[in-house]
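Here's a quick tour of the model, from the inside out. Have the viewer open while you read.

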Amino acid sequence: MCGNNTSVPLPAIVPAARKATAAVIFLHGLGDTGHGWAEAFAGILTPYVKYMCTHAPIRPVTLNVGMSMPSWFDIIRLQTDAEEDKAGIKQASEKMLPVFSIKTLIDQEVKNGITSHRIVLGGFSQASANSANKEMHVLQCHGEADPLVPIMFRCLTMEKLKTLCNPSNITFNTVKGILNSCVQQEIMDIKKFIEKQLPPI
């Protein structure tokens, strides 16, 4: 199946407990779906925030010997000098599917009355935003023992972010002993970050 597979389900949504005045769009990691993340967000629900956990299309992944799995774009290798699937990354953000894209989800929430500065975009592992501006606030969490995304990648990402954003707007949390996964400490860090960036109005 290819990246424009129209059978990909719509995002798993955790509705706000009252009128939504803010939104979070979250992208899962390689081989996952949005359902588990929706459950995680339901457990830390902020009453006025709507959570949308998207699902990647099924596509072959070169890194995994061409096996088809949920993936936002192709991954060739995990080395720092590896070729990147730039077209796939662009497609994920702008025109992933005829049904939805990150941009169309944002546009829809703006039409629903949520201003764009009250929409947070997040992701795990493979998923990330491919654009930034100086005023954007960033929370980056990383498991210190992650064998798939080594700590070196964290350092490179941080240096790149400093060229795109105001360094004082970047928060980086390292969690000792954690592999390529998310633990409760990180979930609570995400909750605090969301509530700081999206206070009640």
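Let's start with the packing. In this predicted model, the largest nonpolar core has 19 residues, and Val24, Trp37, Phe41, Val49, Tyr51, Cys53 and Ile194 are the ones with the most contacts inside it. Five elements, namely strands E1 (12–14), E2 (22–27) and E3 (49–54) plus helices H1 (35–42) and H5 (184–197), each give two or more residues to this core.

Zoom in on phenylalanine 41. Once you leave aside neighbours within four places in sequence, phenylalanine 41 is in contact with Phe26, Tyr51, Cys53, Ile190 and Ile194. There's also a second, separate core, made of 15 residues, with Met52, Ile102, Leu105 and Ile119 among them.

Leu63, Leu78 and Leu148 make a nonpolar surface patch of about 220 Å². One of these, leucine 148, sits in the loop that runs between strand E7 (138–143) and helix H4 (151–164).

Another loop, between strand E4 (58–61) and strand E5 (67–70), holds valine 65. What's the backbone doing at valine 65, given its phi? Phi there is near 45 degrees, a positive value in a residue other than glycine.

| Residue | Relative accessibility | Class |
|---|---|---|
| Leucine 148 | 45% | partly exposed |
| Valine 65 | 73% | exposed |

Why does valine 65 count as exposed? Because its relative accessibility is 73%, and exposed means over 50%. Leucine 148, at 45%, counts as partly exposed, because that class covers values between 20% and 50%.

Terms used: Residues numbered from 1 in each chain as written. Predicted model: local features only at pLDDT ≥ 70, side-chain atom pairs only at ≥ 80, totals over all residues. Heavy atoms only, no water. Patch = residues over 30% accessible without salt bridge, like charges linked within 9 Å, V, L, I, M, F, W, Y side chains within 5 Å. Areas by Shrake-Rupley, 256 points an atom, 1.4 Å probe, with all protein chains shown as cover. Salt bridge = Lys/Arg side-chain N within 4 Å of Asp/Glu carboxyl O. Helix = DSSP H or I, 4+ residues; strand = E, 2+ residues; numbered from the N terminus. Buried < 20%, exposed > 50% of the residue type's maximum accessible area, 1.4 Å probe, protein only. Core = buried A, V, L, I, M, F, W, Y, C linked by side-chain atoms within 4.5 Å. Contact = heavy atoms within 4.5 Å.
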